[in-house]
Amino acid sequence: MTAKVISVCNLKGGVGKTTLVMALAEYLAGDTMYGKRVLTIDLDPQSNLTSALMSEEVWEWQYNQKGLTLPFLLKNADYFLEQGKSQKFIVKEEVSNVRNKNSFNCLHLIPSSPRLFEVQEYLPANAVAILHNIINPLIEEYDYILIDCPPSINNVIKSAFYASDFCLIPCVPSRMSINGLELLLEQISQFKKDYEHKISTIGTLISRYNGTVAQTHNLNFIIVNPFFPPTFATRIPERAKIAEGLDFHHPLTYKQKYGDGHEVMIELTKEFMQRVDSSNVYAPLMASLL
């Protein structure tokens with residue numbers, strides 16, 4: 001199976017993008033869950049996904065100190081691809097602190113570092129294919145490639161769009177988060193025009209939902225708006241908190257890590273696979289209006 005590449009993004013921070021990427025990766029790849037081959041890519045210079053999926057000691061001494069993080073790969077992509085050394089940037093051992101009896105079929109990570117702030121400042125517009133070129137040799141090795149995007153638009157993010165088949169948009173039912181959703185859809189529509197690309201939006205995922213009057217009003221606005229991708233039936237409740245203090249020396253089960261959100265994550269992963277594997281994906285109506 002050729003990997004499906006999905007960027008997870010919203011132009012409003014704090015909507016749970018990183019937690020969503022981590023959860024989808026862990027549930028997709030788990031032997032006791034779906035046993036899929038999953039590669040995660042941390043495209044956020046804050047490196048929260050990296051911190052969540054690998055120990056800081058391993059990151060520092062085996063990857064960061066050796067220049068084996070995403071910003072170094074982006075700066076020298078042609079060299080590493082020509083030399084066939086891009087595999088060195090992929091963390092393949094002890095990714096995640098979830099440890100079931102059989103752990104994971106395949107869960108890998110391309111880690112980031114704060115130096116990505118520097119790279120995204122100078123990456124030229126004509127380098128839009130850079131992430132695609134990095135991913136392309138790996139496409140047969142995975143079922144899903146998940147890209148955690150920061151809440152911004154720059155040439156690095158456009159490179160993620162260019163490499164992706166789909167975009168998934170988490171959204172808190174608040175006015176600011178909805179505004180971030182609207183702006184992102186405009187950017188995606190413009191990107192598709194500029195680069196003649198066919199990236200599709202597979203849906204809006206409601207996160208941090210608590211059922212207040214204000215949230216319910218905003219949720220209804222999202223659901224009925226014809227310009228928004230259809231919402232997932234699964235919603236991530238506000239109470240769905242993962243275990244605090246990610247300690248890689250004390251592995252957790254899924255239930256220990258995700259608590260009340262465990263069953264929700266199982267349902268979300270199932271719905272995610274159905275949407276990604278379906279040909280009935282969302283084509284933004286906004287594209288016809290721009």
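This is a predicted model: local features need pLDDT of at least 70, side-chain atom pairs count only at pLDDT 80 or more; totals for chains, interfaces and linings use all residues.
Take the pair formed by Phe 161 and Phe 191. Their ring centres are 5.5 Å apart and their planes sit at 70°, so the pair counts as edge-to-face, the label for angles over 60 degrees.

Phe 161 belongs to helix α8 (residues 155–163) and Phe 191 to helix α9 (residues 175–195), so this pair ties together parts of the chain 30 residues apart in sequence. As for solvent, Phe 161 and Phe 191 are both buried.

The model's count of aromatic pairs comes to nine. One of them joins Tyr 27 and Tyr 254: with 4.5 Å between the ring centres and 45° between the planes, the pair is tilted. Here the partners come from distant parts of the chain, with Tyr 27 in helix α1 and Tyr 254 in helix α11 (residues 254–258), 227 residues apart. If you look for these two tyrosines in the structure, look inside: Tyr 27 is buried, and Tyr 254 is too.

## How α1 meets α12

Helix α1 spans residues 17–29 and helix α12 spans residues 262–277; they pack at an angle of about 80°, and their axes are 10 Å apart. That angle falls in the 65 to 115 range, so α1 and α12 are roughly perpendicular to each other.

## Arginines over rings

Two arginines are worth a look here. The charged end of Arg 175 sits over the ring of Phe 221, at 5.1 Å from the ring centre. Arg 275, for its part, lies over the face of Phe 232, and there the distance to the ring centre is 4.2 Å.

Ser 96 isn't a glycine, yet its phi is positive, at about 85°. You'll find Ser 96 in the loop between α5 (77–82) and β3 (106–110). Is Ser 96 buried or exposed? The relative accessible area of Ser 96 is 0%, so it counts as buried, the cut-off being under 20%.

Glu 196 is another non-glycine residue with a positive phi, in this case near 50°. The loop that holds Glu 196 runs between α9 and β6 (200–206). With a relative accessible area of 73%, Glu 196 is exposed, a label that takes over 50%.

## Glu 141 in its loop

Another loop residue to check is Glu 141, which is found between α7 (130–135) and β4 (144–148). Glu 141 has a relative accessible area of 32%, so it is partly exposed.

What is Glu 141 in contact with, leaving aside its neighbours within four places in sequence? The contacts are Arg 37 and Gln 87. Leu 20 is 121 residues away from Glu 141 along the chain, and the C-alpha atoms of these two residues are separated by 22 Å.

Technical notes: Residues are numbered from 1 along each chain as its sequence is written. Side-chain values use heavy atoms; hydrogens and water are left out. Axes are lines fitted to C-alpha atoms, for helices over the stretch in contact, and angles run from 0 to 180 degrees between N-to-C directions. Helices (H or I, at least four residues) and strands (E, at least two) are DSSP runs, numbered from the N terminus. Angles under 35 degrees count as roughly parallel, over 145 as roughly antiparallel, 65 to 115 as roughly perpendicular and the rest as oblique. Rings of Phe, Tyr and Trp (its six-membered ring) pair if their centres lie within 6.5 Å; planes under 30 degrees apart count as stacked, over 60 as edge-to-face and the rest as tilted. Buried means under 20% relative accessible area, exposed over 50%, partly exposed in between (1.4 Å probe, protein chains only). A charge sits over a ring if NZ of Lys or CZ of Arg is within 6 Å of the ring centre and within 35 degrees of the ring normal. Contact means heavy atoms within 4.5 Å.
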